[in-house]
Amino acid sequence: MDLFRHGMFGPLLTGAAIATTACVTINVYFPAAAAEKAADRIIEDVWGAAGEAPAQPAPTPPVGTPPTPTSSLDDAALRAAMALLDALVPAAHAADAPNIDISSPEITRIKTQMERRFAELRPQLDAGVIGLSADGFIAVRDPAAVPLAQRNTVRTLVANENADRAALYREIATANGQPQWEAQIREVFAGRWIAKAASGWWYQDAAGGWKRK
Amino acid sequence: MRTLLLIGLWLLGPTAYGATSVTLAIGHVEAGPVDADHVELQWRSDGPQQLRAARLRVPGLDQPVRLTARCPQAATPRLSCRDASLALSSEAFGSIDTRVDVDLATAQQLTLRLRALDARLSYNRADGRLATDALRITGTATLRRNGNAWALDAELRSPSGQAYAEPIFMDFGEHPATLSLRATSRDSRRIAIGALDWSQPTLADVHVSGDIDAAAPLQRHALDLHIVGHALEPLARLAVQPLLAGTRLQQFEATGTARIDAALADRRLRRVATRFDLSSARLPGFGLAADGLHGALTWQEDADAPAPDSELRWDALRVGRIPVGTTRMRLRTQGRSLSLLEPARIPVLDGAIDIDTLRLADIGDDAMSADFAARIEPIDLGQLAQALDWPAFGGSVSGAVPGLTLRDRRIELDGVLRADAFDGRIELSRLSIIDPFGVLPRVRTDITLRRLDLARLTGAFDFGRIEGRLDGDVTGLRMIGWEPVAMHARLYSTPDDRSRHRISQRAIDNISSIGGGPTGLLSKGFMSLFEDFAYDRIGWSCVLENGVCRMNGVKPGPGGRGYVLVKGKGLPRIDVVGYSTEVNWRTFMAQLRSVGNSGPAQVR
């Protein structure tokens with residue numbers, strides 16, 4: 001109370017804010033555009049020439065431009081402190097051209113596994129038995145088209161692919177030192193798998209309905 | 001809303017025998033969700049009665065059903081019919097033919113006897129999770145009802161056809177099945193299952209008994225289950241593998257027999273006891289293969305009352321390529337925890353791993369924790385190397401793991417594993433397994449090498465002879481499938497080593513090829529007179545990241561270019577200088593394996 005009256009609270013708070021925010025990673029933006037490029041590179045590797053060649057040279061506008069901070073501080077005083085910090089330590093910003101690293105050995109391994117599996121997966125995608133789901137995975141779209149004895153084979157194929165995809169999204173987030181990006185990376189991939197799918201393949205729209213490309 | 005469209009009605013008068021015959025033909029009838037076309041009902045007071053519906057539409061089926069019911073001899077006033085036939089057929093599911101005896105004293109007192117059932121079902125549910133293909137079901141059943149009480153006896157067989165109920169596919173031609181059921185109810189609310197037996201002699205028998213709530217059978221019940229697996233090999237393939245799809249357990253294989261006794265109440269497992277005798281069991285995802293695996297495991301939900309002791313033993317086990325001897329473990333489960341009752345000795349080659357403490361708590365939870373302590377009785381490195389197909393070398397491995405932590409999909413081992421090898425010491429510390437059950441399990445560790453005798457080491461690895469001592473520090477070594485993918489490694493001559501330092505021509509050739517240099521330079525001309533050379537220091541370092549190894553040596557090369565791998569001493573003085581600073585790790589390893597390459601190097 002006394003602090004307020006004597007007008008000392010403001011500077012103190014700012015000081016405290018600097019002290020505390022200085023320890024927190026700030027201005028970590030999810031580089032959506034870079035993530036799309038990274039996703040495209042991986043998808044091209046996994047699907048090879050099967051996926052649509054860059055028919056649409058201009059990819060869909062990045063999901064998050066201008067970049068949205070993954071965390072935000074709403075308190076006005078803290079924002080002031082942030083501005084001060086920004087002035088003091090401009091380097092605290094994420095790099096101007098943010099990059100997504102996809103070269104970690106883990107990512108390479110998972111990618112190789114997925115590349116190998118694609119030979120098995122492709123006939124099912126072509127036949128419309130398996131489709132691309134809206135959440136970055138694959139799903140059995142038309143199980144009735146599969147003879148009973150093979151339904152588990154298709155189911156296992158889907159389960160294995162999805163286990164790899166989940167690991168891929170997690171490893172990309174980890175390789176970039178931002179484990180909390182996993183869900184965003186998955187979302188970006190979800191869009192890119194569908195965008196790069198060969199025509200004739202099936203995919204799920206946001207409402208969950210199946211559509212043919 | 002019900003509509004009834006009458007197309008025709010013939011009322012035939014009394015016949016010569018005094019009988020009455022009525023034929024009712026209805027073009028279209030709707031009754032709630034069901035509607036029918038071309039319905040025909042024939043009634044004769046003393047002859048066969050017949051009901052036919054040409055197109056009966058039932059909700060949930062996209063194809064209409066044809067229905068024929070015929071009663072050859074009806075008796076009144078007690079409504080009864082012997083040997084009636086009821087036939088249903090549809091494109092949607094195939095055909096069901098039955099012969100039934102009906103005896104209906106009142107609506108509350110009846111006997112229904114299914115004398116014969118012959119169904120051939122080819123059904124496919126829209127979501128594809130339930131389907132049958134030419135599935136044949138035959139059988140008999142009797143239902144007796146008296147007021148609210150009833151009793152059902154049924155016996156069904158499936159001798160042929162296929163069925164898929166996700167995730168299980170069954171070919172009944174290969175594995176014929178019989179289902180028999182005895183169930184009673186006093187008040188129609190609670191159903192007592194005297195016995196439900198599912199029997200497939202070539203696979204397994206399942207016996208269920210208990211009570212279920214008729215209104216919510218899947219939610220409210222108290223059941224005892226007994227499963228006897230006669231042949232685990234097909235059972236694992238048909239029933240276990242599909243359940244494990246997408247996990248590293250999915251290729252589970254076993255031969256032998258097993259038995260499970262369980263109690264299930266209101267969708268919760270209360271008690272499980274399982275016994276298995278497997279002549280072999282394999283988990284390729286974890287590199288495990290056991291011969292003669294036997295166990296008796298018991299578990300119960302009530303954590304306050306410990307379950308009877310469990311036991312697990314195997315005659316022989318293989319972990320990867322390492323043979324493990326006969327082991328017996330006595331265990332106790334308690335709620336969600338598992339503990340080892342007495343220390344277990346697991347023989348490995350000529351040594352053993354002694355597990356003193358093992359206790360897992362909160363199994364299946366993120367907070368799962370472990371209490372673990374083990375010691376390694378010295379294991380002969382020569383035998384280990386042989387088992388792993390490594391170059392033969394002597395020594396032994398020992399050590400202690402005083403504890404381990406489970407956290408964030410990681411198993412971290414406390415303590416140090418120590419190998420006495422090459423007259424020196426190799427220590428593994430901060431060993432952890434990342435994502436052990438995931439798609440990509442990895443091993444991470446730090447390695448310290450101290451005073452390794454280079455003469456023995458180079459002898460074992462056929463590298464060319466080097467004499468002297470070697471130290472090494474490897475930090476942050478991360479391996480996927482035993483292949484290093486990241487590390488900071490430094491190998492260097494033991495600093496205070498006073499022993500003889502000699503290096504052979506061949507070893508120089510090989511080290512030169514490590515630095516991207518040529519081989520065979522020394523075997524020409526004057527230098528070929530010397531078999532080996534004195535050296536001052538050897539050193540090599542590698543920072544491995546993303547498949548690329550950034551290399552360095554003991555010091556920068558002449559003029560600041562390259563790096564010195566071998567610093568010579570005396571005359572003739574040989575320095576090996578490397579110039580490749582970044583090499584692809586896989587190429588590099590391939591190069592090391594097949595010695596003899598070319599490239600720029602400098603030999604002075």
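Predicted model: local features only at pLDDT ≥ 70, side-chain atom pairs only at ≥ 80, totals over all residues.

**From one threonine to the interface**

In chain B, the side chain of B:Thr458 reaches the backbone oxygen of B:Leu454 at 2.6 Å, where a polar contact is a pair of N or O atoms within 3.5 Å, one of which, within protein, must be able to donate a hydrogen and the other to accept it, while residues adjacent in sequence count only if both atoms are side-chain atoms. Residues are numbered from 1 along each chain as its sequence is written, chains are lettered from A and ligands numbered from 1 in the order in which they are written, and side-chain values use heavy atoms, with hydrogens and water left out.

B:Thr458 lies in helix α3 of chain B, residues 454–461, helices (H or I, at least four residues) and strands (E, at least two) being DSSP runs numbered from the N terminus. B:Thr458 counts as buried because its relative accessible area is 7%; buried means under 20%, exposed over 50%, and partly exposed in between, with a 1.4 Å probe and protein chains only. Leaving aside residues up to four places away in sequence, B:Thr458 touches B:Phe463, B:Gly464, B:Arg465 and B:Ile466, contact meaning heavy atoms within 4.5 Å.

Turning to chain A, we find seven helices and four strands, in the order α-α-α-α-α-β-β-α-α-β-β from the N terminus on. Of the 213 residues in chain A, 41% are buried, and of its contacts with a separation of 6 or more, 71% are between residues 24 or more positions apart.

Helix α7 of chain A, residues 182–195, has 14 residues and reaches 20 Å from its first C-alpha to its last, close to the 20 Å expected, that span being 1.5 Å times one less than the number of residues. Its buried residues include A:Phe189, A:Arg192 and A:Trp193, and what covers the buried residues of this helix includes α3, α5, β1, α6 and β3 of chain A. A:Ala183 is also found in helix α7, but counts as partly exposed because its relative accessibility is 37%.

Which residues, finally, meet in a salt bridge at 2.7 Å, N to O? They are A:Glu106 and B:Arg478, a salt bridge being a side-chain nitrogen of Lys or Arg within 4 Å of a carboxyl oxygen of Asp or Glu. Across the interface of chain B and chain A the rule finds five salt bridges. On the chain B side, β10, β11, β12, β34 and β35 each supply at least two of the residues that touch chain A. The contact as a whole takes 28 residues from chain B and 23 from chain A.
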